[in-house]
Amino acid sequence: MRLSDEERQDALDVLSEHVRTGRLDVDEYGTRSAKVTAAKRVSDLEPLFDDLPSPRPSALLAISRPNANTVPAPSAAGDSALMRFALRFAVPIAVVVAIAVFVLSRGRLILVFALPLAILLITGWRRR
């Protein structure tokens, strides 16, 4: 991917930070900053920062993170398939079971039906 002027400036700022912290000397900074200025692609920046710890230029951080369009975002409760299933289908299944119990008990167990409905209303659950 091609670099923007803003990404080049960010890379120069990061190099300056490494000089301030003593990780780079002035000569090495001059060599690397010339290469950053001449860089056309993000891949041109990678070798300039391979031996340096954080901070890293934002252009390099963007390629190290997975693309949100190709990798599903982790759920709030964890990554297990059982938790995803429970979060998505627990309330609808509870409502179906409550209706079945209500019908089979001929209305005597109305609280069993009212409880999932109350949970549904309190939590603000909505279909995705």
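Trainee: Which side chain meets that of Arg-32 in a salt bridge?

Mentor: Some ground rules before we look. This is a predicted model, where local features need pLDDT of at least 70, side-chain atom pairs count only at pLDDT 80 or more, and totals for chains, interfaces and linings use all residues. Residues are numbered from 1 along each chain as its sequence is written, and side-chain values use heavy atoms, leaving out hydrogens and water. A salt bridge is a side-chain nitrogen of Lys or Arg within 4 Å of a carboxyl oxygen of Asp or Glu. Here the partner of Arg-32 is Glu-28, at 2.8 Å from N to O.

Trainee: Where do Arg-32 and Glu-28 lie?

Mentor: The general idea comes first. An α-helix has 3.6 residues a turn, so residues three or four places apart point the same way. In this model, Arg-32 and Glu-28 both belong to helix 2 and are 4 residues apart, about one turn of the helix. Helices here are DSSP runs (H or I, at least four residues), numbered from the N terminus.

Trainee: How many salt bridges does the rule give?

Mentor: The count is 4. Among them is the pair Asp-5 and Arg-8, whose closest N and O atoms are 2.9 Å apart. Both residues sit in helix 1, 3 residues apart. Asp-5 is exposed at 63%, whereas Arg-8 is buried at 14%. Another pair is Glu-17 and Arg-20, at 3.0 Å between the closest N and O atoms. These two also lie in helix 1, 3 residues apart. Glu-17 is partly exposed at 28%, and Arg-20 is exposed at 60%.

Trainee: Back to helix 2: how far apart are its end C-alpha atoms?

Mentor: The expected span of a helix is 1.5 Å times one less than its number of residues. Helix 2 has 13 residues (26-38), which should span 18 Å, and its end C-alpha atoms are 18 Å apart, in agreement.

Trainee: Which residues of helix 2 are buried?

Mentor: They are Arg-32, Ser-33 and Val-36. For helix 2 the buried residues fall within an arc of 105°, so they line one face. On the other side, Asp-27, Thr-37 and Ala-38 are exposed.

Trainee: What do the buried residues of helix 2 pack against?

Mentor: Contact means heavy atoms within 4.5 Å. The buried residues of helix 2 pack against helix 1 (5-20) and helix 3 (42-49). In helix 3, the buried residues are Val-42, Leu-45, Leu-48 and Phe-49. They cover an arc of only 105° around the axis, which puts them on the same side of helix 3.

Trainee: Which residues does Leu-45 touch?

Mentor: Not counting residues up to four places away in sequence, Leu-45 touches Leu-3, Ala-11, Val-36, Ala-39, Ala-59 and Leu-60. Leu-45 is buried, at 0% relative accessibility. Its C-alpha atom is separated by 9.3 Å from that of Arg-32, 13 residues apart along the chain.

Terms used
Buried < 20%, exposed > 50% of the residue type's maximum accessible area, 1.4 Å probe, protein only. Arc of directions from axis to C-beta.
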